[in-house]
Amino acid sequence: MQPKDTLKIIRPDDWHLHVRSGEMLKSVIGMTAAQMGRAIIMPNLTPPVSNAAQAKQYYQEIMNALPADTGFTPLMVLYLTDNTTPKQIQTALDGKLVVAAKLYPAGATTNSDDGVTDVKNIYPALEKMQQLGMPLLVHGEVTDAKIDIFDREAVFIEQILSKVIEDLPDLKIVFEHITTKEAVDFVLSSGDNVAATITPHHLLANRNDMLVGGIKPHYFCLPILKRENPHQRALLSAATSGNPKFFIGTDSAPHAKSDKESSCGCAGVLSANCAIELYATAFESEDALDKLEGFASIFGADFYGLPHNTETITLKKQDWIVPNSYPFADTVVVPFMAGKMLSWKFLVKD
Ligand code: DOR
Ligand code: ZN
């Protein structure tokens, strides 16, 4: 039995992370490397990371931004476009740094303009991925202007994801940052080749947190926060169920404070500064801290066919206040839960 005021788990990974590039990258990458053993690095830069050479360059930039002794490994992702070929998929996998490819429906979110306009356009690439066992990571929202923003994930399941799974039944798919009961149910009813990541902000917040008492731009993300009932509740029960289909993926996505607090604010929430503490808070609220290690440190690695990390981390039961901001290139970024108290603190990695 561990004492109740500490929590020791296998070092976690982050299976969905945005770290940007240049000076912004240098500001945030250390946050993740302090806690996580590996992270899936999202490729939505401008221009996007859409071939093996770009992935290698981005990998090098990340490694160069870190001290030598973090033991952190970035796992690179190819950004799928209408023109991605099966050969590009093969070349990326052969290069060893790229482990997955990401489907952004064109126009769905930040830097998705070069994304896929019709999923049929990437079928040759997806067939190759199915053959190679390379996971497809999916931003699951339709972009049709007529579809209400709160319904875009559920409609994506109906119109697109079900069809892709029907046509490519053995393709490994990670349904990223799920936000609805429909998505939880869909993942549960699919085969073992379909899994999902869940963010700390979708576990700890709902649309009331964003909209009641004044609009809070730092809660704005995509997919947008949904209702507490049934959606946030469904995510909390999926994450804490011990079902290996659901695992950690912060979608930590930093934007400058001024780009969020704007008449047309950017979508994205920084959580990398205290990712594991946020998940511990959510799991404790469900009386499920014993399920945190599976979710954070085991199930994602198993899905990707990678070994578990050999280090451990320890969290301590301790009240502390999330900082109001962090330096971000030549400006600042406001983290999720800024100014709020958390009662778990990352203590040490060993
Ligand atoms: O909130 C989000 N921010 N959702 C995404 O899908 C992209 C991300 C970003 O890159 O800022
Ligand atoms: Zn993301």
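This is a predicted model: local features need pLDDT of at least 70, side-chain atom pairs count only at pLDDT 80 or more; totals for chains, interfaces and linings use all residues.
**Entry 1: zinc site**

I began with the zinc ion (ligand 2) and looked up its protein donors. I found His16 through NE2, His18 through NE2 and Asp251 through OD. I then wrote down the sequence spacing of the donor residues, which is H-x1-H-x232-D. His18 and Asp251 link distant parts of the chain, 233 residues apart. I placed His18 in the loop between strand S2 (14-17) and helix H1 (22-35). Asp251 sits in the loop between strand S9 (246-248) and helix H10 (257-260). Buried or exposed? I checked both, and His18 and Asp251 are buried.

**Entry 2: salt bridges**

How many salt bridges does the structure hold? I noted 10. I looked up several of them.

I took Arg233 and Glu286 to start. Their side chains meet at 3.0 Å, N to O. Arg233 is partly exposed at 32% relative accessibility. Glu286 is partly exposed as well, at 24%.

I moved on to Lys257 and Glu261. The closest N and O atoms of this salt bridge are 3.5 Å apart. Lys257 has 32% relative accessibility and counts as partly exposed. Glu261 has a relative accessible area of 41%, so I logged Glu261 as partly exposed.

Next came Glu284 and Lys317, whose side chains form a salt bridge at 2.7 Å, N to O. Which elements does the pair connect? Glu284 is in helix H11 and Lys317 in strand S10 (residues 312-321), so the bridge ties together parts 33 residues apart in sequence. I read 28% relative accessibility for Glu284, which is partly exposed. Lys317 is partly exposed too, at 34%.

I also looked for shared partners. Lys120, Lys163 and Asp167 are joined into one network by salt bridges.

**Entry 3: negative patch**

I turned to the surface charges. Which residues gather in a patch of negative charge? I listed Asp148, Asp151, Glu158 and Glu182. I followed up on Asp151. Asp151 is in the loop between strand S6 (136-138) and helix H5 (152-167). Its relative accessibility is 39%, so I logged Asp151 as partly exposed. Patch members need over 30% relative accessible area and no salt bridge.

Definitions and conventions:
Residues are numbered from 1 along each chain as its sequence is written. Chains are lettered from A and ligands numbered from 1 in the order in which they are written. Side-chain values use heavy atoms; hydrogens and water are left out. Patches are made of residues with over 30% relative accessible area and no salt bridge: like charges are joined within 9 Å, nonpolar side chains (Val, Leu, Ile, Met, Phe, Trp, Tyr) within 5 Å. Accessible areas come from the Shrake-Rupley method with a 1.4 Å probe; for residues, only the protein chains shown count as cover. A salt bridge is a side-chain nitrogen of Lys or Arg within 4 Å of a carboxyl oxygen of Asp or Glu. Lys and Arg count as positive and Asp and Glu as negative; His and the chain ends are not counted. The place of a charge is taken as NZ of Lys, CZ of Arg, CG of Asp or CD of Glu. Helices (H or I, at least four residues) and strands (E, at least two) are DSSP runs, numbered from the N terminus. Buried means under 20% relative accessible area, exposed over 50%, partly exposed in between (1.4 Å probe, protein chains only). Donors are N, O and S atoms within 2.8 Å of the metal (3.2 Å for Na, K and Ca); water is not among the atoms, so sites may look incomplete.
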